[in-house]
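Biologist: I would like to learn how to read a model like this one, feature by feature. Where should we begin?

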Amino acid sequence: MALDHDSTTEARTVTGRAEDAGRQTVDGATFGRAVAVLRLLISFTFLWAFLDKAFGWGYATPAARAWVEGGSPAEGFLSGVAVGPLESTFHSMAGQAWVDWVFMLGLLGIGLALAAGIGLRVTAVAGTVMMALMWAAEWPPAQHLSDGTPSMSTNPLVDYHVLYAAVLIVLALASAGRIWGLGRTWERLPLVARHRWLL
């Protein structure tokens with residue numbers, strides 16, 4: 001009888017531990033490190049795009065079309081827009097120097113701010129605008145391009161541009177620059193303390 005009682009008590013204890021383990025949540029420090037890793041990964045995505053387009057490392061941009069060689073970083077993408085209500089607008093912007101400068105400074109600024117962990121609210125806004133424009137250029141809702149060929153869109157609403165924008169917003173809301181970044185130092189600057197939108 002005692003053996004049965006002990007077995008029952010032990011089974012309840014093990015079950016209770018398993019339930020507690022299932023209810024455990026990630027602590028603040030672990031979450032902070034996780035969003036810091038995410039922040040650094042996304043920063044590398046933006047910085048790589050900038051560097052490859054600037055110097056033509058042969059991935060998306062051949063050396064002959066590098067920005068430093070006089071190439072237009074945005075021209076290929078914008079002139080290739082083949083669908084959507086802004087198709088002609090994007091075509092008219094292709095190859096214009098001011099578009100290249102805005103695009104490249106955007107990639108560099110977003111990438112550096114994410115790497116440093118500063119100004120993540122401004123970065124989230126700038127990155128979301130950039131991603132929204134790129135989403136509009138690819139126009140995922142279309143099943144067919146202007147010439148009638150299939151668009152090959154994998155999702156009419158949520159593509160990688162939307163996901164990147166969402167990640168940028170989450171990083172800003174989570175103050176992801178405080179761990180492995182300069183976020184805490186940035187927050188203490190008098191200008192930032194007075195103007196919290198600069199966080």
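Modeller: With contacts: a contact means heavy atoms within 4.5 Å. In the protein chain, residues 24 or more positions apart account for 61% of the contacts with a separation of 6 or more. This is a predicted model, in which local features need pLDDT of at least 70 and side-chain atom pairs count only at pLDDT 80 or more, while totals for chains, interfaces and linings use all residues. Residues are numbered from 1 along each chain as its sequence is written, and side-chain values use heavy atoms, with hydrogens and water left out.

Biologist: How many helices and strands does the protein chain have?

Modeller: Helices (H or I, at least four residues) and strands (E, at least two) are DSSP runs, numbered from the N terminus. The protein chain has nine helices and zero strands. Read from the N terminus, its elements are α-α-α-α-α-α-α-α-α.

Biologist: What share of the residues in the protein chain is buried?

Modeller: Buried means under 20% relative accessible area, exposed means over 50%, and partly exposed lies in between, with a 1.4 Å probe and protein chains only. Of the 199 residues in the protein chain, 32% are buried. Accessible areas come from the Shrake-Rupley method with a 1.4 Å probe, and for residues only the protein chains shown count as cover. The protein chain exposes about 12,200 Å², and carbon and sulfur atoms supply 66% of that area.

Biologist: How do I check the length of a helix, and what does H5 span?

Modeller: The expected span is 1.5 Å times one less than the number of residues. H5 has 20 residues and reaches 28 Å from its first C-alpha to its last, close to the 28 Å expected. H6 has 19 residues that should span 27 Å, and its end C-alpha atoms are 26 Å apart, which agrees.

Biologist: Which residues of H5 and H6 are buried, and what packs against them?

Modeller: In H5 the buried residues include Val99, Asp100, Phe103, Met104 and Leu107. Their cover includes H2, H3, H4, H6 and H7. In H6 the buried residues include Leu120, Met130, Met131, Met134 and Trp135. The buried residues of H6 pack against H2, H3, H4, H5 and H7.

Biologist: What does the second largest pocket look like by volume and lining?

Modeller: Its volume is about 330 Å³. Of its 15 lining residues, the closest to its centre are Met93, Val99, Val102, Phe103 and Leu133. H3, H4 (87-93), H5 and H6 each supply at least two residues of this lining. By class, the lining has 14 nonpolar, one polar and no charged residues.

Biologist: Where do I find residues with a positive phi?

Modeller: Just after H5, Gly117 takes a positive phi of about 80°, and just after H6, Trp139 takes one of about 45°. Ser175, a residue other than glycine, has a phi near 50°; it lies in the loop between H7 and H8 (183-188) and, at 27% relative accessibility, counts as partly exposed. Trp180, not a glycine, has a positive phi of about 55°, and its place is in the loop between H7 and H8.

Terms used: 1 Å grid on protein atoms, 1.4 Å probe; cavity = no way out; pocket = protein on both sides within 12 Å on 5 of 7 lines; lining within 4 Å. Points joined across faces, edges and corners; volume = space filled by probe spheres on them. Nonpolar A, V, L, I, M, F, W, Y, C, P; charged D, E, K, R; others polar.
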